[in-house]
Amino acid sequence: MDIQEVIKELNNKEIIHSSAVEYEQLNGGTVSDLYLLSTNDGARYVVKLNEPQVLQSEANFLTFYKDLYLLPRLLFVEPSDNYIVYAFITGSTNYVRKNKQEVLKALVQGLINQYKAVPNDIGWGWADELTDSWQSFLLNEIIEANKILDSYLEKDEFTFVLNLVKSSKINNLDREPFLLHGDCGVHNFIYNDGRLIGVIDPTPVIGDPLYDLIYAFCSSPDDLSKETIISAASHLLIKENISEQLLYEKVLIGLYLRLATCIRHHPNDLNDYLKAWIYWKDIIKET
């Protein structure tokens, strides 16, 4: 859909209250087309275009958590889900590698602790492509990651992670499902003077809230220490009775998935992630 047509429609529907609109295409959308609209009264909006099922899932997430200050305010969903419009959050998307503990603490308090449970009979995993269990979702993700990591790690590394996912501790059938952001990484955070002030671009997942915390922890190669994840997890209100050993095992699963993402999108970070992989394998062997 042409952005000029979108602007015309938003004016007709009085979503935008100005006929003078400037726009620019934003970088960073890996699968979406993003536009920043600026009006002469100083208002700024983001228009996102993507496949309808993707946008519908994102719109549902933003509606479900419409009162959370870290999330953008959803303003309009095109009736056929061809595009959505939300308020622009002023800030920087550049993550500074110096205060991960503070960023994770703010994420837990402002977003993850606010997550709400959903019915446990609707499925698990990607909200627009659900599976029958949390274990099935993780297994699918690990198997896909192995296709990329097969030439980078020894085969027994894949077997080790696979066994972790299949363990009864990870696959707690009594776990309550929550609606998660699903792409909760530093690349989707908005900062002001290094402080976390916004979280954008959800790819919603039905699952364990700890998944989003570990995703965020692993989403940059700096400060991947056990002290940092323990500090962040200590602020979680929504969590099962989790031992440090189980936390470490979940981190290793998240790190395995992140290694595959790193190779696809940030290959310059690979050496740092491989060092972190060895570090976390050693921690698990020692506990």
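Which ring does the charged end of Lys116 sit over? Select Lys116 and Phe64 together and you'll see: the charged end sits over the ring of Phe64, 4.5 Å from its centre. For a charge to count as over a ring, NZ of Lys or CZ of Arg has to be within 6 Å of the ring centre and within 35 degrees of the ring normal.

**Before you go on**

What you have open is a predicted model, where local features need pLDDT of at least 70, side-chain atom pairs count only at pLDDT 80 or more, and totals for chains, interfaces and linings use all residues. Residues are numbered from 1 along each chain as its sequence is written, and side-chain values use heavy atoms, with hydrogens and water left out.

The protein chain has a mean of 93, and 96% of its residues reach 70 or more. Strand S4 (residues 74–77) has the highest confidence, at 98, while strand S1 (residues 21–26) has the lowest, at a mean of 90. As for the labels, helices (H or I, at least four residues) and strands (E, at least two) are DSSP runs, numbered from the N terminus.

**Stop 1: the cores**

Now select Leu107, Phe189, Leu213 and Trp280. These are the residues with the most contacts inside the largest nonpolar core, which has 74 residues. A nonpolar core here is a set of buried Ala, Val, Leu, Ile, Met, Phe, Trp, Tyr and Cys residues joined through side-chain atoms within 4.5 Å. Buried means under 20% relative accessible area, exposed means over 50%, and partly exposed is in between (1.4 Å probe, protein chains only).

Show helix H8 (residues 244–265) next: it gives the most to this core, with 13 residues. Another core lies apart from it, with 15 residues, among them Ile3, Val6, Phe76 and Val85.

Back to Leu213. Setting aside residues up to four places away in sequence, Leu213 touches Leu104, Val108, Ile112, Ile229, Ala232, Ala233 and Leu236. A contact is a pair of heavy atoms within 4.5 Å.

**Stop 2: helix H6**

Select residues 209–218. This is helix H6, and nine of its ten residues are buried. Among the buried ones are Pro209, Asp212, Ile214 and Cys218. Phe217 is buried too, and Lys100 lies over the face of its ring, at 5.3 Å from the ring centre.

**Stop 3: aromatic rings**

How many aromatic pairs does a search of the whole structure find? It finds 17. Rings of Phe, Tyr and Trp (its six-membered ring) pair if their centres lie within 6.5 Å; planes under 30 degrees apart count as stacked, over 60 as edge-to-face and the rest as tilted.

Pick Tyr65 and Tyr115. Their ring centres are 5.5 Å apart and their planes are at 40°, so this pair is tilted. It links distant parts of the chain, 50 residues apart: Tyr65 is in the loop between helix H2 (52–64) and S4, and Tyr115 is in the loop between helix H3 (100–110) and strand S6 (125–126). Tyr65 is buried at 3% relative accessible area, and Tyr115 is buried at 4%.

Then pick Trp134 and Tyr211. This pair is edge-to-face, with 5.5 Å centre to centre and 85° between the planes. Trp134 is in helix H4 (residues 134–149) and Tyr211 in helix H6, 77 residues apart. Trp134 has a relative accessible area of 5%, and Tyr211 has 12%, so it also counts as buried.

**Stop 4**

Beyond its neighbours within four places in sequence, Leu138 is in contact with Val165 and Ile170.

Jump to strand S2 (residues 33–39) and find Thr39. Thr39 is buried, with a relative accessible area of 9%.

**Last stop: the cysteines**

A disulfide needs a pair of cysteine sulfur atoms within 2.5 Å, and the structure holds zero of them. Cys218 is buried at 1% relative accessible area, and Cys262 is buried at 0%.

Notes: pLDDT = per-residue confidence, 0-100.
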